Amino acid sequence: VDVHDVKRITSDPKVKKHLAEGSCIGCFYIESPAMRGLLHKLQCDNYKHLVAASSIIRPGVAKSGMMRAYIERTHAPEGFDYVHPVFEQHLQETYGIMVYQEDVMKIVHHFAGLDLDESDVLRRIMSGKRKEGDTFTYLRDKYFRNCAKRGYARELAEEVWRQIESFSGYSFCKAHSASFAVESFQSLYLKVYYPLEFMVGVINNFGGFYRTELYVHEARQLGGNIHAPCVNHSRLLTHLYGEDIYLGFIHLKSLQREAGQAIEKERERNGAFSSLAHFLQRVDIGKEDTRILIRIGAFRFTKKTKCKLLWELEGIFTSQRALRGQPLLFQSPTERYELPNVTQNAYEVAMDEIELLGFPLCSPFELVSEKMPDLGADRLEFHLGKRVRMAGYFVTTKPVRTVNGKRMSFGCWLDRAGAFFDTVHFPEVHRRYPIRGLGCYLIEGKVVEDFGLYSIEVNYVRPLAREKGGKVKGKRQSRLKEKVERVK
C-alpha cells in the first residue's frame, strides 16, 4: 500500500465518489457532521475543492456567510457578480471569496493599497486575539482612508472589511489546508479499499471526532462481525480476524491494563484456555478483574451462563488462590455445587455491556419498549416539506448562538438501519426539548433540503421508553434500574 502516491489517490474514482457523498467516518478532518454535510453540498470530488472546503469550514469564513456563498457559486459559477474587479483578478479560483489567510493579504494590498508587510501584520492580527491594539487601529483606519482616496463607496468598503474581519475566527492559510487535504485523501483511500482494517486502526487510535461506539458501529456497517472481548481471541487492543472484530481488553472499564497484557502473553506462549479453572491456573489475575471478564462474556466458549461462572469463580479462586499463575503437576480438585437454573435475558447482557464498555453491542433500538416509526434517512427526500416522525439514536450535537445571541443546536443521529441523519433545533425547541444525553429519541419535525442534503427542522423531541428488564426481580432488578437511570 503506497499512501504517498497522492496523485493516484486523488484521482481514484471510488475515493472521489465517497468524498462527494460524505462517506468519511473515521477519516482525518472530514468526518464531523458539518464537514460531511459541506462535502455533500459541494459534491466535492477533487483535491482543489477539498483544500478550499478544509478552510471554509472554519468558524471565521462560515460565520461571515461566505461559506454559503462559496457553495452557491460552486453550483452556479457563471451566475454571480464579483464585489469588485480586484476580487475577480486575484480570487478567481475561489469564486471571489476570501477562503485562506493569504486572501486577506491579497485584498488588503490590491483593493485598499496597504503595503505587503502591513497586509501580513493585519493578517496575523486577524488570525489571533490582538484586535484591540494600536497597530490594529492604525491599519483599520488606513484601510478606510485608502478606500476613500480610491473613490470606493462607503458601503463597499465596509462590506469588504466585514469579510476581512471575519477571519478573526481562525481561518487556515492555504498550505495548512492543502496538507490537511492530503491526509484526508490518504485516510479515505485506506477506508475505501481496506475498510475493516482501517476502522480497527481508528478504534485503536483512541482519537477522532466520535466516541468508540460510533467507530464500532461503522465497522459493523462495513461488514465486520463485532464480538465482545474473549480470553481466547482478544488482545489488549481491538483485533481483526478475517471479518471478525474482537474488541480489545483495553475497552473494559476498571479492568487493569496489566491483566489484559497477561492474558495475551500467556495465550501466545501456551495456547487457548479450555475453562475458567484452566484460565485461573495459568494467568495471575485478580478476582475483580476475572469478574469483569465473566460479565462481559469473555468465557462464553465454555457454554456456561454468567451466573454459573460467577459461582464457579468463588470456589476456584478460594481453593487455588496460592497457586494462580503457577503450572500444576496434577489437576487440583475443586468443590462442585449445584446451582438453580438462572436465566439471563438480552436486556441484562446489554446493561452489562453499557456498564463495562460504555455502549451495547446490540442495536440500541432493541432496548426500546414502545413502538417506533419506520421512516429511515434514505426516505427523507420523499417527504420534503412534510412533517414526519422518526426514531433516532443520539450521536452528537453542536450548540451555537444565533445573531441575536440565542442558543440553538444542530444534531446528528442514527436511524434504525444505522444511517446518519441531521436535525436543526431552533432556539425555542432547543429550550423546551433539550437533548439529555445518550439514548434513543422520538423526533418530530419538517423535512428540509439544502443543496441536496436532507435534514429535519425539529419541533418536538423526547426520549423513547426503554425495556424494564424482562422477568428480572429483586436486588438484580434494582441494580438494573440504577444502570438505566445512569444511562438516561
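Predicted model: local features only at pLDDT ≥ 70, side-chain atom pairs only at ≥ 80, totals over all residues.
In which handedness of crossing does α3 pass α4? The crossing is right-handed.

Residues are numbered from 1 along each chain as its sequence is written, and side-chain values use heavy atoms, without hydrogens and water. Helices (H or I, at least four residues) and strands (E, at least two) are DSSP runs, numbered from the N terminus.

Start with the α3 and α4 pair. Helix α3 spans residues 33–42 and helix α4 residues 47–56. They pack at about 135 degrees, with axes 11 Å apart. Axes are lines fitted to C-alpha atoms, for helices over the stretch in contact; angles run from 0 to 180 degrees between N-to-C directions. The two helices are therefore oblique to each other. Under 35 degrees counts as roughly parallel, over 145 as roughly antiparallel, 65 to 115 as roughly perpendicular, and the rest as oblique. On the α3 side, Met35, Leu38, Leu39 and Leu42 meet Leu50, Ala53, Ser54 and Ile56 of α4. Contact means heavy atoms within 4.5 Å.

Helix α3 also lies across β4, β5, β6 (420–425), β7 (440–450) and β8 (453–463). Its angle to β8 is about 145 degrees. These 5 strands close into a barrel, ordered β4-β5-β6-β8-β7, with mixed pairing. Neighbouring strands are turned by 50 degrees against each other on average, direction ignored. Strands pair if DSSP finds at least two bridges between them. Strand β4 (residues 387–401) and strand β5 (residues 407–414) pair in the antiparallel sense over 8 bridges. Phe394 has Trp413 in β5 as its bridge partner.

Now the aromatic rings. Rings of Phe, Tyr and Trp (its six-membered ring) pair if their centres lie within 6.5 Å; planes under 30 degrees apart are stacked, over 60 edge-to-face, and the rest tilted. The count comes to 27 aromatic pairs. One of them, Tyr29 with Phe180, is edge-to-face, at 4.9 Å centre to centre and 70 degrees between the planes. Tyr29 sits in the loop between α2 (13–21) and α3, and Phe180 in helix α12 (residues 174–193), so the pair ties together parts 151 residues apart in sequence.

Helix α12 leads on to helix α13 (residues 195–205): the two pack at about 125 degrees, with axes 5 Å apart. They are therefore oblique too.

Methods: Left-handed = near helix turned anticlockwise from the far one by under 90°.
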